Amino acid sequence: MRSVFLLLAGLAAGAFLAPQARADSASAVVGKMQPLKDGADVYKHVCQSCHMPDAKGAEGAGARFPALAGNAKLASADYPVYVVMNGFGGMPWFSGMLTDQQVADVVNYIRTHFGNHYTDMVKPSDVAAQHPTISSEED
């Protein structure tokens, strides 16, 4: 019985004395984040964790991440811009997190790689045109 008490006391002391990890501690890291200089960088650092490095998507643990490779829905450039900006299904939105240039870059990247051959390029102004308009309500 005494050994159980000592074990529990040791675990409690270890938890109390150990450095605390906080959910917001990542923002406290000193230094600059590596810039996302092109669509490949944005894809690598933002998209591939769900859509996979080969863009073939994934399924498992109750989640489905659609393939971007050979995806006919990418034929209209407005569709992937809308999805990146506003989210869709389980995908979060990236409006306000990515610049218009970064959104254009990553959309152009996925539309010209992974077996996709759509050559009409998205410009940052095309992305800006899809920002939601916020109107003030008047009484």
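Student: Which residues of α4 are buried?

Tutor: Buried means under 20% relative accessible area, with exposed over 50% and partly exposed in between, for a 1.4 Å probe and protein chains only. In this predicted model, where local features need pLDDT of at least 70 and side-chain atom pairs count only at pLDDT 80 or more, while totals for chains, interfaces and linings use all residues, the buried residues of α4 are Gln102, Val103, Ala104, Asp105, Val106, Val107, Asn108, Tyr109, Ile110 and Arg111. Residues are numbered from 1 along each chain as its sequence is written, and side-chain values use heavy atoms, with hydrogens and water left out.

Student: How many residues does α4 have, and what span does it reach?

Tutor: Helices (H or I, at least four residues) and strands (E, at least two) are DSSP runs, numbered from the N terminus, and the expected span of a helix is 1.5 Å times one less than its number of residues. Helix α4, residues 100-112, has 13 residues and reaches 18 Å from its first C-alpha to its last, close to the 18 Å expected. The helix is mostly covered, since 10 of its 13 residues are buried, and Phe114, which follows α4, has a positive phi near 60°.

Student: What covers the buried residues of α4?

Tutor: Contact means heavy atoms within 4.5 Å. In this case the cover includes α2 (39-51), α3 (78-86) and α5 (124-128).

Student: Where does Asn71 lie, and why does Asn71 count as buried?

Tutor: Asn71 lies in the loop between β2 (63-65) and α3, and Asn71 counts as buried because its relative accessibility is 17%. Leaving aside neighbours within four places in sequence, Asn71 is in contact with Asn116 and Tyr118. Asn71 and Gly115 are 44 residues apart in sequence, yet their C-alpha atoms are 8.5 Å apart in space.

Student: Which backbone oxygen does the side chain of Asn71 reach?

Tutor: The side chain of Asn71 reaches the backbone oxygen of Ala67, at 2.9 Å.

Student: In what order do the elements of the protein run?

Tutor: The secondary structure comes to five helices and two strands, and from the N terminus on the elements run α-α-β-β-α-α-α. Of the 139 residues of the protein, 25% count as buried, and among contacts between residues at least 6 apart in sequence, 48% join residues at least 24 apart.

Methods:
Polar contact = N/O pair within 3.5 Å; in protein donor to acceptor, adjacent residues only side chain to side chain.
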